[in-house]
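Me: I would like to go through this structure and ask what stands behind each label. Please set the values against the cut-offs.

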Amino acid sequence: MSVFRLLRHASRRPGSRPVVALTVVAAALAAGSLTTTASAHAASGTSAQPPRTASHSTRFPAAAQLTCAIDDTSGCLNNTATSTLTTTTSPADADGSGNSFDAADLTRTAGWPSGKTVTIDGATITLPKFGTGSYDNMLASGQTVTLPGSGVVNTGDAVVILAFATGAAVTDATGTLTYARNNCLDPNGDPTDQDYRLDTVPDWLSGPPSAASITLDHENHSDDTQTSPSSGPKVYAISVPLACPGSVISSISLPQLTSGVQAGRPALHILGLGVRPTTVTGSGSGARHWVGTWASVQDTDEVQSSDGSTAAVDSQTLRIPAHVSIGTDSGNGIRVHPSNAMGATPVTFNAASVALQDTTAADATAAAAPATLTFDGSPSVTIPAGGDATSDPVTLTVEQQATVLVSLQVRGMASAIPGHSAARTPVWVSDHADRTRDTAAAHYTRTTYTGLPYLSGIDVTTSISDPTGSLVLYGDQSVNGATASDDGRHHLSDAITNALADDPRGDTSVHYGVLNAGTATNSLLPQSTSSTHPVNALNPLDRDVLAQGNVRTVLVSTGATDLLNCTGNADTCATDVENALASLDTQLSSYSTDDGQLYIDQQPITQNSNITVYLATIPPFTAARPGTAAQEAAREQVNTYLLDNYPGRLIDFAAAVSTDANATSSTVKAADLSDGNPSDAYYADLAGRYVNDTDSGALVYPPD
């Protein structure tokens, strides 16, 4: 990395680092004592927030500090929150009123294995044993969770915490991450710890369902009865950004809140923790660097068919096409991410494969024999409700803009298929057999699915010495492309990829991954946070954006649905969206890139680049989704706010598709509409605006 590149990135978050930090880094470079991960982003990461006191006032006397290992938390457990419904229900009490989760909901229905591991948002987490009558969660009281030097993931880009609150949401709970010796040094080369804050841990009953990792059916009571609350008991995954991605963590101190539960008093319960790995795997000659090339948001528990019925499969093989952005490097590696994030029950894939699509047939026909996928060496994988998986890498040469076919054989009957709700992508299904290794399409039939099942992402290898990153498009209709052509090649991510390749000012190459995180749901803006400057994320943000492969840049294009759902006056509606967009910007900017670590004298320091966030103006409402006069006024007010407050990080999508080519024009130009809905031309115009702004220098921190 050149000194120029280092200092350029160092200033990308003005004021986020003391000037002395840059002086130390520059001096070290001049002296030859500073090195970087090869093409790493340079200093600029926002440091962790200082500790803050939890907002609720009632505390209990602190118990003797408990210590345990992250893969065996039995020494830190101090509360029983699950029970087995029998004539003598175990004495579980999650909330001080004798209420608890039903253990069978967790283990049998959802498939969370008692005492074993689940992978949630990319992090592997060891669960306690459920329904035994013994302690099964950590009521946050300052416990110290250690990370062994081997056998567990102890380096990554975020800590994922499976938690829930009782008595009310818990806000501003603080703890400390301690890095191992000679890891995460400050710019002076001294060891440093990282304070962290959990902005909000939602209540298990009243918290937002859209942010939950899992929602269960039943609540057990101490009088041996069981009810089914309409909201359902929930567990949440909260991620904590690491100041030094890739540095070894030695321990995590939990918040010091309470050592007991009391009815009506907020309490924080933690089922387990895990570190989400970075996108660098292996070491030495076997090291690989991964980057996302394709993604699909998981936003429905039931993919639909075009006739409105719920899609189902029975021991059949699904063949799913994915139109990728960036291709593999010389390592020719690819890995696949199946997901059951929205599922209510576990799913088992008996077999899986990946292949290039035969471009002459453009259907379920593979160009060559598919490569078999394995998961930790096994040809099958079971993913519990709320979980996800990553395949072992396979060798496959993938060119940019190629279409990859991923085949998954589902074990048994799946009466509902979770996935992406509005995909505009063809999906094929086989007869009742394993057809994952078939090259020909003879045993496949095109479905009428309107959504895309199970598949959430694909990564490819990128250069170890000069890795590239990914751009995630996070938004609603403007990103999702729910009214574009149904060939799976006309989402905004596809349009941007094509525009980059065709850019006359470029070299015909796509230099970074372009990932689609668009959805038709209305849960993109922060749903549950106590802070106007949140520093950690719940789902769907964490799962759909931050867990993607080597994210360096996020383009946020949302707010239209929120305005259309708002019934207040224009100023109220606009202010709510403005504040939510500002909070979302803060959340995303709190996370560092995977490959931004710097080193002084061969030791990692706390200099990292933050994820860069772009915001887009909100395009005009369309005839198919018209707004009221107040909602239109609010849209124009939000766009004016964005133009005034985010120079250098704003892309004017509204101007790209509006009749008068400006942010406050109230209509979409006719050439960009089909039956009143955005057409392929609409998404091409948005993509053109994005590429023009990156080429022209309008964006202060161009994607890479």
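Me: What makes the sheet with the order 7-17-9-15-12 an open one, and how many strands does it have?
Reply: This open sheet has 5 strands with antiparallel pairing. Its edge strands are strand 7 (138-139) and strand 12 (212-215), and each of these pairs on one side only. The model is predicted, so local features need pLDDT of at least 70 and side-chain atom pairs count only at pLDDT 80 or more, while totals for chains, interfaces and linings use all residues. Residues are numbered from 1 along each chain as its sequence is written, and side-chain values use heavy atoms, with hydrogens and water left out.

Me: Why is the contact of Arg635 with Glu632 called a salt bridge?
Reply: The term requires a side-chain nitrogen of Lys or Arg within 4 Å of a carboxyl oxygen of Asp or Glu. The closest N and O atoms of Arg635 and Glu632 are 2.9 Å apart, so the pair qualifies. Both residues are in helix 9 (residues 629-645), 3 residues apart, which is about one helical turn.

Me: Are Arg635 and Glu632 buried or exposed?
Reply: Buried means under 20% relative accessible area, exposed means over 50%, and partly exposed is in between (1.4 Å probe, protein chains only). Arg635 has 0% and is therefore buried. Glu632, at 14%, is buried too.

Me: What makes Arg435 and Asp438 a salt bridge, and how do you class the two residues?
Reply: Their side chains meet at 3.8 Å, N to O, which is within the 4 Å limit. Arg435 has a relative accessible area of 19% and is buried. Asp438, at 18%, is buried as well.

Me: How do you class Asp693 and Arg689, which meet in a salt bridge?
Reply: The N to O distance is 3.6 Å. Both residues lie in helix 11 (residues 680-696), 4 residues apart, about one turn of the helix. Asp693 has a relative accessible area of 5%, so this residue is buried. Arg689 has 28% and therefore counts as partly exposed. Elsewhere, salt bridges that share partners join Asp157, Arg276 and Asp542 into one network. The whole structure holds 16 salt bridges.

Me: Why is the pair of Tyr682 and Tyr683 called edge-to-face?
Reply: Their ring centres are 5.2 Å apart and their planes are at 70°, so the pair is edge-to-face. Tyr682 and Tyr683 are both buried. A separate entry is the aromatic cluster formed by Phe101, Phe164 and Trp204.

Me: What makes the phi of Ser315 and of Thr508 worth a note?
Reply: Most residues other than glycine have a negative phi, and most peptide bonds are trans. Ser315 has a positive phi near 55°, and Thr508 has a positive one near 75°. Ser315 is in the loop between strand 20 (313-314) and strand 21 (317-323); with 24% relative accessibility, Ser315 is partly exposed. Thr508 is in the loop between helix 5 (492-502) and strand 35, and its 55% makes Thr508 exposed.

Me: Which kind of peptide bond joins Asn539 and Pro540?
Reply: The bond is cis, with omega about 10°. Pro540 is in the loop between strand 35 (513-518) and helix 6 (541-546).

Methods
Helices (H or I, at least four residues) and strands (E, at least two) are DSSP runs, numbered from the N terminus. Two strands pair if DSSP finds at least two bridges between them. Rings of Phe, Tyr and Trp (its six-membered ring) pair if their centres lie within 6.5 Å; planes under 30 degrees apart count as stacked, over 60 as edge-to-face and the rest as tilted.
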